[in-house]
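Hi,

Here is the model I said I'd pass on. Have a look at it first, and my notes follow below.

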Amino acid sequence: MPDATGLELLAGELSDAEPESVLGTLHFRGQATILADPRHIRAILQRLREQGYQHLMSVHGVDYFPEEPRLGVVYELLDRVRRDRLRVKLRLHTSAPHVASVTPDWPTANHQEREVYDMFGVEFDGHPDLRRILMPEDYEGHPQRRDFPIGGEPVLFTKDAPIGSDYTP
Amino acid sequence: MSQLDAPRTQSAYRQQEESIELSHLPGPEGDAPDQELLTLNMGPHHPATHGVLRLLVTLEGEVVRDLKPIIGYVHTGIEKTAEDKPYWKVIPVVERMDYLAYFTNAMAFCGATETLLDIEVPKRAQYLRVIHMELNRIVSHLVWLGTSALDVGAMSMLWYSFREKETILDLFEYSTGQRMHTRYFQVGGVIEDIPAGWTDKVLEFCKIMPGRVDQYGALLNKNEILLQRLRNVCALDEQTLVELGVTGPLLRAAGNPWDLRKAMPYSSYEDFDFQVPIGVNGDNYDRFAVRMQEMKESVKIIEQAVAMLPEGPTMVDDRKIALPPRHELATSMEALIHHFKLVTEGFRVPPGEVYFPVEGPRGEYGCFVRSDGSSKPARVHMRDPSFVNLQATAAMVKDSYIADLIATLAMMDPVLGGIDR
């Protein structure tokens, strides 16, 4: 992890190269986070890749309910030469949860962005195949959102249904 | 290996067979068209998928032209469930994600929570964790070895590898009380010290295991059928694997020595002397060989950890996190209060976000935990290596035979519980 000073330097370099792309930094428990502007995410990740963070290890979503902007997308970067990790995070409003897909640059993000879309409803523009991945294709809602209730799933009890009926509710 | 590389004389039958020029055989109505594509649905209930994995395969004749994995059949919402439980109750559900790497999953989650709490786990607990994680790695590789040998036609291998797997599960039962999904790792250490005599049994096992790995090797490495199905089959270069985010033995088989235990040690892995086996070609045989060697290296780590096992506590002494000792409950009011609060509400964790990666049997297991300051995590995400590695299937099997798809899937070792979570 870059130390607190290194993180500030890195964030400074990024905002010089891409104006208004860095919204803030956070150094917590020895782990460095850059809070990025969603509009510049591809450019930021490309810049960081040139800095040595060549591996995107994980993409995952977070729901900050009830804070706004509610949805978060987290990118975990790894530099295998300096053995260094960096987290890039962006926040999106639920009213327009759109962000550019990084799959064209990082093929590993393909399934992971699909999972974030499935679970949180974040739409990745430019993703080659943005479909649900874990939930059924006709599923409604995004179950990992914090306001989605646990146990809210309707269950169809078929025990007493007459034999031969097609169990439609 | 040299006798295998020597040119072999072909039998008369094989010579006759190979002399037939199939391309000149006319089809039923003139020359058979060779451009017709067939979409085949494999799974979700196919034994060779190691779980409920569905593959949509586009075939041209016997050759795979495209492949789309369809997953989610065992999605149980573990990450959602975890948000509704106190931290200590999350451990058992997290263990059930990748059900062959339960100690690794628990380590990733406990490590993340410990980072949030900013606590240092006692050395003895760290060593006990290492011993259990490495035994777990051997279990996982043994299950992989048995089932994937079955997939490529070697049936007896399963019984031999499960014999050793049972031995390890007995060791787990002895030390933790459970054979699988043990909930042995706790936030702040391990739940209990190991029983007397356990280390002797572990060392006994460590003594026989390298020989057993050699036996498996003798059984498989000289098997002509197995070698033909693995050697130079479905190789993928290091660069593509890296771009697809593949980690673990699959990446090491292509020659990239990335292993988090060496590169970014956690839980005292820097204390142990072990090697990281890597492959050369990145084909199925290398994937097989790397895992075989990893089992031996794990044995080396376990032997060292047992030999150097320090004395001391197995749990942090922070009473706001660790349960009080059982005998204090009858005599100490404060112990009783803390026990009650820890069991009912659980401990509270300072707000923040951390990502804690560990090296499991299949690659990088990274647990992302967000705390909002309450006693329940606000978000738990497991970066499961099977889920990410699965994306490489299409790249590996493209333009090879459908039979090689089965062998490749076996050598990839996906665990569907981890993929679907």
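Chain B has 421 residues and a radius of gyration of 24 Å (taken over C-alpha atoms), which agrees with the value near 22 Å that a compact globule would have; the globule rule here is 2.2 Å times the number of residues to the power 0.38. Along its principal axes, the C-alpha trace of chain B spans about 90 × 45 × 35 Å.

Before you go further: this is a predicted model, in which local features need pLDDT of at least 70 and side-chain atom pairs count only at pLDDT 80 or more, while totals for chains, interfaces and linings use all residues. Residues are numbered from 1 along each chain as its sequence is written, and chains are lettered from A and ligands numbered from 1 in the order in which they are written.

Chain B contains 18 helices and eight strands (DSSP runs numbered from the N terminus: helices are H or I with at least four residues, strands E with at least two).

**Helix 6 and its partners**

Helix 6 (residues 123-151) of chain B comes within 8 Å of helix 7 (residues 156-176) of chain B, axis to axis, and the two cross at roughly 160°. (Axes are lines fitted to C-alpha atoms, for helices over the stretch in contact, and angles run from 0 to 180 degrees between N-to-C directions.) That makes the two helices of chain B roughly antiparallel (over 145 degrees; under 35 is roughly parallel, 65 to 115 roughly perpendicular, the rest oblique). Their crossing is left-handed, meaning that the near helix is turned anticlockwise from the far one by less than a right angle (clockwise would be right-handed). Among the residues making the contact are Leu135(B), Ile138(B) and Leu142(B) of helix 6 and Phe162(B), Ile168(B) and Leu171(B) of helix 7 (contact: C-beta atoms, placed from the backbone, within 7 Å). By class there are 13 nonpolar, three polar and two charged residues (nonpolar: Ala, Val, Leu, Ile, Met, Phe, Trp, Tyr, Cys and Pro; charged: Asp, Glu, Lys and Arg; polar: the others, Gly among them).

Helix 6 of chain B also packs against helix 13 (residues 284-307) of chain B, at about 160° with the axes 9 Å apart. This pair is roughly antiparallel too, and its crossing is left-handed. The contact divides into 11 nonpolar, two polar and four charged residues.

**Two sheets in chain B**

One open sheet has three strands in the order 1-2-3, with antiparallel pairing (strands pair if DSSP finds at least two bridges between them). Its edge strands are strand 1 (37-42) and strand 3 (63-70), and the twist averages 20° from one strand to the next. Strands 1 and 2 of chain B share six bridges, and Leu40(B) stands opposite Val57(B).

Another open sheet runs 6-7-8, again antiparallel. Strand 6 (352-360) and strand 8 (377-383) have a single partner each, so one side of each has no neighbour in the sheet. Here the twist averages 15°. Helix 5 (residues 102-117) of chain B packs on this sheet, touching strands 6, 7 and 8.

**Between the chains**

How many residues of chain A touch chain B? There are 24, in contact with 31 of chain B. Strand 3 of chain A gives the largest share of chain A's side, six residues.

Cheers

Conventions:
Contact = placed C-beta atoms within 7 Å.
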